[in-house]
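Work through the following exercises with the sequence and the model side by side.

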Protein chains: 2
Amino acid sequence: MERLPKRQRHQQLSRLLDENPFLTDRELTRQLKVSIQTIRLDRLELAIPELRERLKLMAERSYDSVRSLPLHEVIGDIVDLQLDKSGISLFEISEEHVFSRTGIARGHHVFAQANSLAVAVINDEIALTASADIRFIRPARLGEKCFAKAYVRAGGEQKGKAKVEVFTYVGEEMVFQGNFVIYRSAGESKT
Amino acid sequence: MERLPKRQRHQQLSRLLDENPFLTDRELTRQLKVSIQTIRLDRLELAIPELRERLKLMAERSYDSVRSLPLHEVIGDIVDLQLDKSGISLFEISEEHVFSRTGIARGHHVFAQANSLAVAVINDEIALTASADIRFIRPARLGEKCFAKAYVRAGGEQKGKAKVEVFTYVGEEMVFQGNFVIYRSAGESKT
DNA sequence: TTTCTTTTTGGCATCAGGTATTAAAGGTTA
DNA sequence: TAACCTTTAATACCTGATGCCAAAAAGAAA
């Protein structure tokens, strides 16, 4: 009985499933010449989900990816803007922003609204996000209207760094809060 | 019972599955208020395959397209994924991601890549970003290929919260770094 | 060699999400 | 009334797994 050592079999197993993720455990036993129990222990150790889970993940990825890409311009409609002071934007969660199975908005869309607003509120030719400390307080759901309020807290008119605080609400409920540090260049100009 | 219900139900059934192909027959009974046998007869008549076949078809379609198409326009093409351990995604900065005047990527796109990856790497039915602490180390520019690496640092297999660290590079240079706290649901649960 | 440990195998119960078949109840319709 | 359509029900079976327990086999240590 010339079995391969465990390590090598694990490598082979990963390789085989990488090449063809549609293989059942039973098909794997044929290729690796070990019992089905061994295959299952191996998958457990390697944290490889069962066939059906793999298919489901693939299906979800393809389904969601079609619906999650459009992130073109500024996210949300800016309804009020006082440069270097504060701003408000509105953003409605629609199909393409949510996880298909739960109807919960992907975090980066909510972030994108806040980030866009934080950048927009800074009155400078070049404003870039340097860092942010953010909190998703409760999930935003399909159909909900998010309104974000941004307040410039420091670095109002000078160059260097500005601090912007953003709060996002759905109705009375806060769904997101973030502290942004925005880099600003020297030139003060409007477009 | 009126004469029409069947026709109408068939239309509704098609519509529901069109919107969300992940529905089981049992979930359909709740929405259509008929027995599971009726749902199955309906699927038979409409030649709609069972859930598992639908998932398999979707998976096959996406698998084929992943092999043929580069998938640039998605928020990162996941090229490696070890659930609950680590993951890698690639994202190329193109026109629609940058400030037109400067050619610098809007922060939320870089964030979106990292966030998508941090969520994808968590092996759970429902994984949502709870909070994040992020740093934009240097701007990413038009045409640059961002290479994000995620590592699950804590909360690997249990429910509750997981910590995921993400580093994004362009070549050797780090452009972004983020610490994400991902909320995860109670492992395998039925929908 | 014997003992201990790791690895592998086997068996059995159970699950989800179905298929396939047969039967029966209810209303419709000629 | 019989013939029919629609709906519900009951049952057996399928696949690709999981979980658990036990036992055999192989390797390493004393």
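Helices (DSSP runs of H or I, at least four residues) and strands (DSSP runs of E, at least two residues) are numbered from the N terminus. A residue is near a molecule or strand if one of its heavy atoms lies within 4 Å of it. This is a predicted model, in which local features need pLDDT of at least 70 and side-chain atom pairs count only at pLDDT 80 or more, while totals for chains, interfaces and linings use all residues. Residues are numbered from 1 along each chain as its sequence is written, chains are lettered from A and ligands numbered from 1 in the order in which they are written, and side-chain values use heavy atoms, with hydrogens and water left out.

**Exercise 1.** Describe the surface near DNA strand C, beginning with the helix that supplies its largest share.

Step 1: α3(A) supplies the largest share of this surface, with three residues. At least two residues each come from α1 (6-19) and α3 (36-46) of chain A, and from α3 (36-46) and α4 (51-68) of chain B.

Step 2: Around DNA strand C there are 15 residues, of which R9(A), S35(A), Q37(A), T38(A) and L51(B) come nearest. By class, the surface holds eight charged residues (Asp, Glu, Lys and Arg), three nonpolar ones (Ala, Val, Leu, Ile, Met, Phe, Trp, Tyr, Cys and Pro) and four polar ones (the others, Gly among them).

Step 3: Among the atoms of DNA strand C within 4 Å of the protein, 67% belong to sugar or phosphate, and the rest to bases. A polar contact is a pair of N or O atoms within 3.5 Å. For D25(B), it is a polar backbone atom that is 3.0 Å from a phosphate oxygen of DNA strand C.

**Exercise 2.** Which residues are closest to DNA strand D, and which of its atoms do they meet?

Step 1: Of the 16 residues that surround DNA strand D, the closest are R40(A), L51(A), R52(A), R9(B) and T38(B). The residues of this surface divide into nine charged, four polar and three nonpolar, and α3(B) gives the most, with three residues.

Step 2: Sugar or phosphate accounts for 70% of the atoms of DNA strand D within 4 Å of the protein, and bases for the rest. A polar side-chain atom of R9(B) lies 2.7 Å from a phosphate oxygen of DNA strand D, a side-chain N or O atom of R43(A) is 2.8 Å from a phosphate oxygen, and for L51(A) a backbone N or O atom lies 3.0 Å from one.

**Exercise 3.** Find the residues that touch the most other members of the largest nonpolar core.

Step 1: A nonpolar core is a set of buried Ala, Val, Leu, Ile, Met, Phe, Trp, Tyr and Cys residues joined through side-chain atoms within 4.5 Å, where buried means under 20% relative accessible area (1.4 Å probe, protein chains only).

Step 2: The largest such core has 67 residues, and F111, V164 and F180 of chains A and B touch the most other members. Helix α5 (residues 107-120) of chain A gives the largest share of this core, seven residues.

Step 3: Apart from this core lies another of nine residues, including L16(A), L23(A), I39(A) and I48(A).

Methods:
Polar contact = N/O pair within 3.5 Å; in protein donor to acceptor, adjacent residues only side chain to side chain. Buried < 20%, exposed > 50% of the residue type's maximum accessible area, 1.4 Å probe, protein only.
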